[in-house]
Structure formats: structure tokens, C-alpha cells
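Thanks for asking for a second pair of eyes on this one. Here are my notes, as numbered points you can follow with the model open.

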Amino acid sequence: MNKRDLVERLAEEHELTGRFAREVVDSVFNMITDAVQKGEEVSLFGFGTFKVADRAARKGRNPQTGEAVKIAASKTLKFKPATALKSGLNKKRRATKSRK
């Protein structure tokens with residue numbers, strides 16, 4: 001599913017115009033983006049948590065030359081799925097495997 005699919009399903013399921021559904025989806029994404037850029041944790045009950053994490057500086061290697069390279073410290077975004085989401089994935093997988 002991509003953003004367009006999400007907008008179309010939202011519009012269809014809630015009888016919204018495509019334009020309004022797109023505005024709602026964009027607004028939610030913008031709120032999440034703004035929060036994590038400020039370093040805030042975004043926790044969506046039943047879905048998961050977005051969290052900013054620091055990556056320490058480290059040494060790497062240029063694959064073309066084999067030369068050692070310094071990689072600067074940076075921030076990254078981590079996502080931890082909610083227990084309900086994770087267990088739902090595993091239930092579907094088990095059901096699929098048992099049918100084979």
C-alpha cells in the first residue's frame with residue numbers, strides 16, 4: 001500500500017472526497033514529521049512508536065578502494081510496532097503455514 005492507496009481507501013470507507021482524504025492524510029503525516037523533527041516520540045496506540053535515536057560516529061570502509069572512512073554521528077528514526085500489530089502479523093502467518 002502506498003500513500004495514494006491509503007487516500008483512496010480512506011475516501012471510500014468514509015465517503016469523503018479524494019481531495020479531503022488527501023488533506024487528512026497529509027496533515028497526519030505532517031504532524032508526525034514535525035514531532036519527530038523536534039525530537040519527540042510519537043506513540044500511536046495499537047500501531048506503534050516512532051522514536052529519534054542517535055547513531056554514534058564510527059569507522060567504515062570505502063567498498064571501491066578499501067580505504068578506511070570516518071562516518072559522522074547522525075540521528076535516525078526508529079519504529080517499534082505495537083504488540084497488537086506484531087501479534088496480528090504472527091497469527092496470519094501461522095494460519096497461512098497451517099494450510100499448506
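Which residue just after H1 takes a positive phi?

1. Glu15 is the residue to look at, with a positive phi of about 50°. Bear in mind, here and below, that this is a predicted model. At the other end of the helix, Asn2 caps the N-terminal end of H1, which spans residues 3–13. A side-chain oxygen of Asn2 lies 3.1 Å from the backbone nitrogen of Arg4.

2. Next, the core. Ile32, Ala35, Val36, Val42 and Phe50 make up the largest nonpolar core, five residues in total. Helix H2 (residues 18–37) gives the most to this core, namely three residues. Setting aside residues up to four places away in sequence, Val42 touches Ile32, Ala35, Val36 and Phe50, and also Gly48 and Thr49.

3. Thr49 deserves a point of its own. This threonine is found in strand E2, residues 48–55. Thr49 counts as buried because its relative accessibility is 19%, and the cut-off is under 20%. Its side chain is joined to that of Ser43 by a polar contact of 3.5 Å. Beyond its neighbours within four places in sequence, Thr49 is in contact with Glu41, Val42 and Ser43, as well as Lys78, Phe79 and Lys80.

4. Finally, the hairpin. Strands E3 (residues 58–61) and E4 (residues 68–71) pair in the antiparallel sense over four bridges. Gly60 has Val69 in E4 as its bridge partner. Six residues sit between the strands of this hairpin, and Gly66 takes a positive phi near 80°.

Notes: Residues are numbered from 1 along each chain as its sequence is written. This is a predicted model: local features need pLDDT of at least 70, side-chain atom pairs count only at pLDDT 80 or more; totals for chains, interfaces and linings use all residues. Side-chain values use heavy atoms; hydrogens and water are left out. A nonpolar core is a set of buried Ala, Val, Leu, Ile, Met, Phe, Trp, Tyr and Cys residues joined through side-chain atoms within 4.5 Å. Buried means under 20% relative accessible area, exposed over 50%, partly exposed in between (1.4 Å probe, protein chains only). Helices (H or I, at least four residues) and strands (E, at least two) are DSSP runs, numbered from the N terminus. Contact means heavy atoms within 4.5 Å. A polar contact is a pair of N or O atoms within 3.5 Å; within protein, one must be able to donate a hydrogen and the other to accept it, and residues adjacent in sequence count only if both atoms are side-chain atoms. Two strands pair if DSSP finds at least two bridges between them.
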